Amino acid sequence: MNNSSSSKKHSPDQPETSGPTFKSQRTKMDTEKKILNKKLKDVEISCPIVYGSMAFWLGKKASEYQSHKWTVYVRGAMNEDLGVVVKRVVFQLHSSFNSPTRVLESPPFEVSEAGWGEFEIAITLYFHSDVCDKPLNLYHHLKLYPEDESGSMSTKKPVVMETYDEIVFPEPSEGFLARVQNHPAVTLPRLPIGFTLPPPVPVEDASRRKRGDTKDHPLSQWFMNFSEADELLQLAAARQQVQAHIAKLKRQISVIDGPHQQLKSISDQ
Amino acid sequence: MDAKDILGLPKNSLPIPQEKKSRPPKDSQRKPDGISREVYALTGGLAPLMPAIDSTQLKKQPPKDEKITWQWLPFTNSARKDTLQLYHWVRVVNGVPPTGDYSFAKYNKGWTKEETDQLFDLCQRFDLRFIVIADRFSSSRTVEELKDRYYSVCRAIVAARAPALGDISGNPLVKEPYNVSQEIERKRALSMVLSQTKHQERKDAEVLAEAKRITESRMAAKVAEESELPVPSNAGPESAERASFPGDTVSPSSNVQLPSATIASSALTADNASTLASLRMLRVYLRTYALDQMVQAASSSAGLRTIKRVEQTLQELGVNLKPRVPTKSVCAEHLELRKEILTLLNLQKQLQYKEAEGSSFRDCSYADTPSTPKRSNRGGDQDRTFVPDMSFGGERVGKRDQKRKVHSYLLPVV
């Protein structure tokens with residue numbers, strides 16, 4: 001769960017650069033006002049999501065214009081409640097649908113419909129005000145028919161098409177960080193030692209008590225499993241092969257060039 | 001005649017002996033008055049809507065009743081500020097010299113009332129089509145001069161008619177006055193761009209790309225400084241080596257490889273840093289997008305063919321071109337793998353190059369050289385990993401080794 005910002009070559013244990021010097025330049029009132037909006041560098045919040053669709057053939061009940069019933073959705077990758085990060089999701093359906101712009105103000109973020117055609121659905125994610133004021137767009141191609149044409153369509157087993165991705169907030173505000181610090185829907189790096197956050201300010205109103213996680217979702221049995229372990233293994237094996245190859249080529253080159261060739265590491269490894 | 005044929009009408013309504021008489025009226029129908037028939041035919045057989053030149057004047061001869069003499073007479077030029085009097089030959093008709101100002105005075109760029117009136121008349125007739133107006137204008141003035149005169153007169157009129165200065169400050173004539181020199185320069189620049197040869201275009205593109213790379217690496221270095229990443233320390237010794245490279249012109253090939261490789265790696269670091277910086281400015285982005293950007297940055301120095309070979313290699317290694325589970329660590333590993341493959345391909349190229357060098361040297365000295373032991377070693381080397389290095393990625397090694405192409409990369413690995 002701990003994401004050390006390894007790609008940034010920066011240890012998370014370095015103290016906040018905008019420390020005492022920063023504060024002394026401002027009045028106390030300014031500090032209090034801005035503290036919740038203060039951005040943190042090198043502390044990246046990532047929110048893993050899965051988005052996609054599930055389509056059931058209607059079988060006997062299928063009509064010319066409604067051969068399938070389908071659901072398009074965005075869920076937490078581990079089926080956690082995305083409502084802590086996402087405020088609203090807008091699904092833009094094909095114009096042939098009634099009110100093709102579907103707005104979901106709370107999780108679970110999904111739209112269920114019946115139809116016959118496959119088309120691209122634009123999904124726009126809007127975040128809470130302390131998270132990000134810019135929306136994010138996703139695109140999903142609705143799949144109704146199974147991959148292999150010979151595969152019989154079933155009313156019981158859906159055609160599933162899911163994509164895994166991660167929403168990254170490179171410089172989250174302190175308010176956001178404080179609010180989601182221990183929430184399972186997001187991944188945070190370890191915070192610097194002695195680093196204190198202000199008390200969290202909730203964003204959603206108390207009326208929204210509906211559960212937003214999808215752990216017991218009716219379609220959850222069909223959700224795909226996304227485990228990074230397999231892919232990491234594959235990549236590690238591939239890298240090993242390539243590295244061995246590189247070493248061999250370097251040896252061969254040094255043989256040709258003779259002893260006067262200084263073989264410092266030409267490549268970054 | 002053909003038209004009548006098509007319509008099915010009788011060809012000749014008049015009997016043959018009468019044709020001669022019918023010719024003159026036919027000629028006058030054709031209307032080439034003053035210009036030859038062939039020239040008239042060039043216009044497509046139709047007269048222009050508005051003849052630019054009066055065709056009757058073209059073949060005019062001077063009237064016989066006039067007596068023409070030529071006299072050496074003094075003249076003044078209204079365009080001059082002083083009272084210099086020069087002499088020239090003047091065509092005198094019946095003893096009367098011509099009146100009027102020196103005919104070239106109008107070329108002093110001053111605008112007379114007659115000229116301005118003519119300009120406005122033409123402007124109205126031709127709908128402000130200045131190119132046509134310039135063509136019809138009596139004295140030769142450029143399009144820019146005409147436009148300048150027209151717009152400045154209009155501006156003066158608008159200013160004179162407006163009750164207060166504030167009313168007209170929004171008027172485009174006042175807000176953005178016509179700038180003759182700027183217009184001339186702009187058109188000249190456009191025609192230059194239009195007439196650029198492909199060679200010039202390529203050179204320009206190269207220079208621009210180089211400039212972009214330099215600014216990006218500078219920005220990256222600046223960003224790196226600000227965020228206190230160790231990138232500057234990385235780029236330090238490498239940029240020092242880069243500075244020494246220009247002096248290394250006469251060095252043997254092996255030494256040349258080093259500086260160019262370090263240039264590539266320092267450029268790579270700069271690309272990476274600038275991509276990271278631009279990602280951070282986005283405030284929110286998808287991991288897949290970030291990976292895509294980093295991959296592009298890493299392959300920025302590689303050609304399309306190389307990129308295709310990288311992808312081919314990934315497929316051979318059984319790796320998804322786009323990770324199925326793009327977590328932070330998966331993306332990092334994927335990026336590193338791609339970079340390593342690039343390195344691998346570069347090394348292969350280097351090896352090829354060195355071998356070609358070596359073999360061409362030997363070709364010069366010997367007539368028929370058998371393969372050196374080193375080569376056959378490599379050729380027959382059962383690569384434990386996955387494919388024999390020679391034909392990895394479908395590479396052709398050198399003319400000598402064409403026969404070895406038999407090693408396909410689908411050979412089973414022992």
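Predicted model: local features only at pLDDT ≥ 70, side-chain atom pairs only at ≥ 80, totals over all residues.
1. Strand β8 of chain A, which spans residues 159-169, has 8 of its 11 residues buried, so the strand is largely enclosed by the rest of the structure.

2. Along chain A, β8(A) pairs with strand β1 (residues 45-57) in the antiparallel sense, and 11 bridges are found between the two. Within this pairing, the residue of β8(A) that stands opposite Ile49(A) is Asp165(A).

3. Turning to the aromatic side chains, a search of the whole structure, over all chains, gives 15 aromatic pairs. One of them is formed by Trp111(B) and Phe137(B), whose ring centres are 5.9 Å apart and whose planes meet at 55°, so the pair is classed as tilted. This pair links distant parts of the chain, 26 residues apart, with Trp111(B) in the loop between β2 (86-93) and α5 (113-125) of chain B and Phe137(B) in the loop between α6 (130-136) and α7 (143-161) of chain B. As for solvent accessibility, Phe137(B) is buried at a relative accessible area of 5%, whereas Trp111(B), at 22%, counts as partly exposed, because the buried class is kept for values under 20%.

4. A further pair in chain B is that of Phe130(B) and Tyr151(B), with ring centres 6.1 Å apart and planes at 50°, so this pair is tilted. Because Phe130(B) lies in helix α6 and Tyr151(B) in helix α7 of chain B, the contact ties together parts that are 21 residues apart in sequence. Phe130(B) counts as buried, at 6% relative accessibility, while Tyr151(B) is partly exposed, with a relative accessible area of 24%.

5. Two arginine side chains deserve a separate remark. In chain B, the charged end of Arg141(B) sits over the ring of Trp111(B), at 4.2 Å from the ring centre, and this Trp111(B) is the residue whose ring also pairs with that of Phe137(B). In chain A, the charged end of Arg88(A) sits over the ring of Tyr126(A), at 4.7 Å from the ring centre.

How values were computed:
Residues numbered from 1 in each chain as written. Chains lettered and ligands numbered in written order. Heavy atoms only, no water. Buried < 20%, exposed > 50% of the residue type's maximum accessible area, 1.4 Å probe, protein only. Helix = DSSP H or I, 4+ residues; strand = E, 2+ residues; numbered from the N terminus. Pairing = 2+ DSSP bridges. Phe/Tyr/Trp six-rings, centres within 6.5 Å; stacked < 30°, edge-to-face > 60°. Lys NZ or Arg CZ within 6 Å of the ring centre and 35° of its normal.
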